[in-house]
Amino acid sequence: MSTTLPSTLPILDLARLNAGPADRAAFLDHLRYAARDIGFFYVVNHGVDTRLLEDVQREARQFFALPDDEKAQVAMIHSPHFRGYNRAAAELTRGKPDWREQFDIGAERPALALSANAPSWR
């Protein structure tokens, strides 16, 4: 892969995962490059219904348009699973503020039991 950043985001085709060993290896190389060197990418042939994608985008736009105090009610800091809302500049990337708002999601699982010996990231 080139060390020059592309002018567009990489497009990853999930169909290549099951198209044979060579295609699978090429897909994984492309994924590795996109995730490590670029940090963002598009995924095609993922099988997610277009209507669901549109619904999620509509909900996301509505959420991020809310006043800050409403978004803060579901802030990640209130989650035992490290999920929820983070305002812009709340996280650091390579020691500098990361200027994006985000809402982390994931599978719902029982909260981890915390103890005095638990790692601080928990």
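A polar contact is a pair of N or O atoms within 3.5 Å; within protein, one must be able to donate a hydrogen and the other to accept it, and residues adjacent in sequence count only if both atoms are side-chain atoms. Good morning, colleagues.

The structure above is a predicted model, in which local features need pLDDT of at least 70 and side-chain atom pairs count only at pLDDT 80 or more, while totals for chains, interfaces and linings use all residues. Residues are numbered from 1 along each chain as its sequence is written, and side-chain values use heavy atoms, with hydrogens and water left out.

Let me begin with the overall architecture. The protein has three helices and six strands; these are DSSP runs, numbered from the N terminus, with at least four residues of H or I for a helix and at least two of E for a strand. Along the sequence, their order is β-α-β-α-α-β-β-β-β. The radius of gyration, taken over C-alpha atoms, is 18 Å, whereas a compact globule of 122 residues would have one near 14 Å. The globule rule is 2.2 Å times the number of residues to the power 0.38. Of the 122 residues, 14% count as buried, that is, under 20% relative accessible area with a 1.4 Å probe and protein chains only; exposed means over 50%, and partly exposed lies in between.

I turn now to helix H2. Where does a side-chain oxygen of Asp49 reach at the start of H2? That oxygen comes to within 3.1 Å of the backbone nitrogen of Arg51. H2 itself has 15 residues and spans 21 Å from its first C-alpha to its last, close to the 21 Å expected at 1.5 Å a residue; the expected span is 1.5 Å times one less than the number of residues.

My last topic is the aromatic rings. Rings of Phe, Tyr and Trp (its six-membered ring) pair if their centres lie within 6.5 Å; planes under 30 degrees apart count as stacked, over 60 as edge-to-face and the rest as tilted. This rule gives four aromatic pairs. Phe63 and Phe64 form an edge-to-face pair, because their ring centres are 5.1 Å apart and their planes stand at 85°. Phe63 is buried, at 17% relative accessibility, whereas Phe64 is partly exposed, at 28%. Phe64 also forms a tilted pair with Tyr85, at 6.3 Å centre to centre and 50° between the planes. This pair links distant parts of the chain, with Phe64 in helix H2 (residues 50-64) and Tyr85 in strand S3 (residues 84-86), 21 residues apart. Tyr85 is buried, at 6% relative accessibility. Ring pairs join Phe63, Phe64, Tyr85 and Phe103 into a cluster. Thank you.
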